[in-house]
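Take a look at the fold below. Then read on for a short tour, one part at a time.

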Amino acid sequence: MRLAVGFLSAFLLTAACFTSSAQACQAVGAAFDVLQYGYMGYRAMEARPGYNGCYKDDPVKKDFPVLGGRSNMLTILGCNSMCRLKKLRFFGVQNYDCWCGNVFGKYGKVDDDLCKIQCPGKPSETCGGYFLNAVYTVV
């Protein structure tokens, strides 16, 4: 049963985060958290992902190995949810892309002011830059 709920939740979260609005993504992500962690676990998950800085990327050999998704509605919390589903520790947002992995930084850190492209799904957030990941710790 838990596997079926997890699979269905992952499917719905993927669909909501990458074909719908940021609000739909966050709503399905919240429902997933309640199903997986219970209400108290969900309250703990309300913490914001921890920002680790702005890091260079390579156009061919990406710093993060797993594409969490690509969306014109990308948000930091949406990327966090996708990488949490994949059970990975860190994520990087880069324009419209969400990247996931357990390590990062092989191309070096740059000034945070370079990671200032607005997130397409939430313009009040910044989603990295051109071949620059704004890196966060998954919560």
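How many of the residues of E4 are buried? The count is 5 of 5, so E4 is mostly covered. Buried means under 20% relative accessible area, exposed means over 50%, and partly exposed lies in between, with a 1.4 Å probe and protein chains only.

## Ground rules

This is a predicted model: local features need pLDDT of at least 70, side-chain atom pairs count only at pLDDT 80 or more, and totals for chains, interfaces and linings use all residues. Residues are numbered from 1 along each chain as its sequence is written, and side-chain values use heavy atoms, with hydrogens and water left out.

## The chain as a whole

The chain has 3 helices and 8 strands. Helices (H or I, at least four residues) and strands (E, at least two) are DSSP runs, numbered from the N terminus. Along the sequence the pattern reads α-α-β-β-α-β-β-β-β-β-β.

The chain counts 139 residues, and 43% of them are buried. Its accessible surface comes to about 7,300 Å². Carbon and sulfur atoms hold 62% of that surface. These areas come from the Shrake-Rupley method with a 1.4 Å probe; for residues, only the protein chains shown count as cover. Now take contacts between residues at least 6 apart in sequence: 70% of them join residues at least 24 apart. A contact means heavy atoms within 4.5 Å.

## The sheet

In what order do the 6 strands of the open sheet stand? The order is E2-E4-E3-E8-E1-E5, and the pairing is antiparallel. E2 and E5 (109-110) are the edge strands, each pairing on one side only. Two strands pair if DSSP finds at least two bridges between them.

Start with E2 and E4. They run antiparallel, joined by 4 bridges. Val 66 stands opposite Cys 100 in E4. Next come E3 and E4, antiparallel too, with 5 bridges. Here Val 93 has Cys 98 in E4 as its bridge partner. The hairpin of E3 and E4 has 2 residues between the strands, and in it Asn 95 takes a positive phi near 65°. On to E3 (residues 90-94) and E8 (residues 132-137): 4 bridges join this antiparallel pair. Gly 92 has Val 135 in E8 as its bridge partner.

## Two covered faces

In a regular strand the side chains alternate between the two faces of the sheet. Which residues of E4 lie on each side? Asp 97, Trp 99 and Gly 101 are on one side, with Cys 98 and Cys 100 on the other. All of these are buried, and both faces of E4 are covered.

## Helix H3

H3 lies across E2, E3, E4 and E8. It runs at about 140° to E3. Axes are lines fitted to C-alpha atoms, for helices over the stretch in contact, and angles run from 0 to 180 degrees between N-to-C directions. Why is H3 described as largely enclosed by the rest of the structure? Because 8 of its 10 residues are buried. Among them are Ile 76, Gly 78, Asn 80 and Met 82.

Ser 71 lies in the loop between E2 (66-70) and H3 (76-85). Ser 71 counts as buried because its relative accessibility is 5%. Its side chain reaches the backbone nitrogen of Met 73 at 2.8 Å. Just after H3, Lys 87 takes a positive phi of about 60°.

## The disulfides

A disulfide is a covalent bond between the sulfur atoms of two cysteines. Here the term covers cysteine sulfur atoms within 2.5 Å. The structure holds 4 disulfides. One joins Cys 79 to Cys 98, S to S 2.1 Å. This pair links distant parts of the chain: Cys 79 sits in H3 and Cys 98 in E4 (residues 97-101), 19 residues apart. The torsion about their S-S bond is about 85°, so this disulfide is right-handed. Both cysteines are buried.

Cys 83 and Cys 100 form another, with sulfur atoms 1.9 Å apart. It also links distant parts of the chain, with Cys 83 in H3 and Cys 100 in E4, 17 residues apart. At -75° about the S-S bond, this link is left-handed. Cys 83 and Cys 100 are both buried.

Cys 119 and Cys 127 form a disulfide as well, with sulfur atoms 1.9 Å apart. This link is right-handed, with 95° about the S-S bond. Cys 119 counts as buried at 1% relative accessibility, and Cys 127 does at 0%.

Methods: Polar contact = N/O pair within 3.5 Å; in protein donor to acceptor, adjacent residues only side chain to side chain.
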